[in-house]
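Hi,

Here is the structure I promised to pass on. Have a look, and my notes follow below.

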Amino acid sequence: MYRRSVITGFVLLGLLAAAGAGAQTQQPMTAGVIPVVAHLVGLNGSFWTTDLYVTQSGGGSAAQLRLTVLNPAGPGWSRDIALPAADGATVVTDVVRFVNAAIPDGKYVLGWDATQPVVVT
């Protein structure tokens with residue numbers, strides 16, 4: 001039984017590693033998903049938000065980036081931003097409220113796509 005559990009664990013780790021190869025990475029990409037972004041109250045007076053750091057990777061002109069907060073109850077909320085010139089970087093503080101101040105407090109999935117390769121962390 002122990003051996004079967006160990007083998008199953010290695011298979012699952014291999015599958016997760018293979019799936020992660022095409023997911024969010026430090027490699028320049030033109031689209032991606034961040035599985036959890038938040039704007040919500042925590043315990044003992046804490047407050048949780050998500051900041052994004054976006055860096056354009058090459059390209060001869062400024063990249064356009066669309067951020068989309070997915071809504072489990074209907075259409076998502078989106079906002080477009082322009083990155084500075086090639087190799088520029090920007091910080092998006094509290095991405096949920098940045099996309100739309102009317103989004104209810106909570107945890108969401110964030111999708112993004114860009115006109116040129118960028119790194120989103």
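First, a definition: I call something a salt bridge when a side-chain nitrogen of Lys or Arg sits within 4 Å of a carboxyl oxygen of Asp or Glu. By that rule, the whole structure has two salt bridges.

Before the details, some ground rules. This is a predicted model, so local features need a pLDDT of at least 70 and side-chain atom pairs count only at pLDDT 80 or more, while totals for chains, interfaces and linings use all residues. Residues are numbered from 1 along each chain as its sequence is written, and side-chain values use heavy atoms, with hydrogens and water left out.

pLDDT is the predictor's confidence in each residue, from 0 to 100. The protein chain averages 82, and 79% of the residues score at least 70. Helices (H or I, at least four residues) and strands (E, at least two) are DSSP runs, numbered from the N terminus. Where pLDDT is low, the predicted coordinates should not be read in detail.

Overall layout

The chain has two helices and seven strands, in the order α-β-β-β-β-β-β-α-β from the N terminus. Of the contacts with a separation of 6 or more, 69% are between residues 24 or more positions apart. Of the 121 residues, 29% are buried; here buried means under 20% relative accessible area, exposed over 50%, and partly exposed in between (1.4 Å probe, protein chains only).

The salt bridges

R66 pairs with D80, with the closest N and O atoms 2.6 Å apart. R66 lies in strand β4 (residues 64-70) and D80 in strand β5 (residues 77-82), so this pair ties together parts that are 14 residues apart in sequence. Both ends are partly exposed: R66 has a relative accessible area of 38%, and D80 has 44%.

The other salt bridge joins R97 and D105, with the closest N and O atoms 2.5 Å apart. R97 is partly exposed at 25% relative accessibility, and D105 is partly exposed at 43%.

The core

A nonpolar core is a set of buried Ala, Val, Leu, Ile, Met, Phe, Trp, Tyr and Cys residues joined through side-chain atoms within 4.5 Å. The largest one has 23 residues, and those with the most contacts inside it are L52, L65, L67, V95, L110, W112 and V118. Two or more residues come from each of β1 (29-41), β3 (52-56), β4, β5, α2 and β7 (106-120). β7 gives the most, with six residues. Leaving aside neighbours within four places in sequence, V118 is in contact with residues including P28, M29, V54, L65, L83 and W112.

T50 is found in the loop between β2 (47-49) and β3. Is T50 buried or exposed? At 17% relative accessibility, T50 counts as buried. A polar atom of the T50 side chain lies 2.9 Å from the backbone nitrogen of A38. Not counting residues up to four places away in sequence, T50 touches V36, V37, A38, V92, T93, D94 and V95.

Cheers

How values were computed:
Contact means heavy atoms within 4.5 Å. A polar contact is a pair of N or O atoms within 3.5 Å; within protein, one must be able to donate a hydrogen and the other to accept it, and residues adjacent in sequence count only if both atoms are side-chain atoms.
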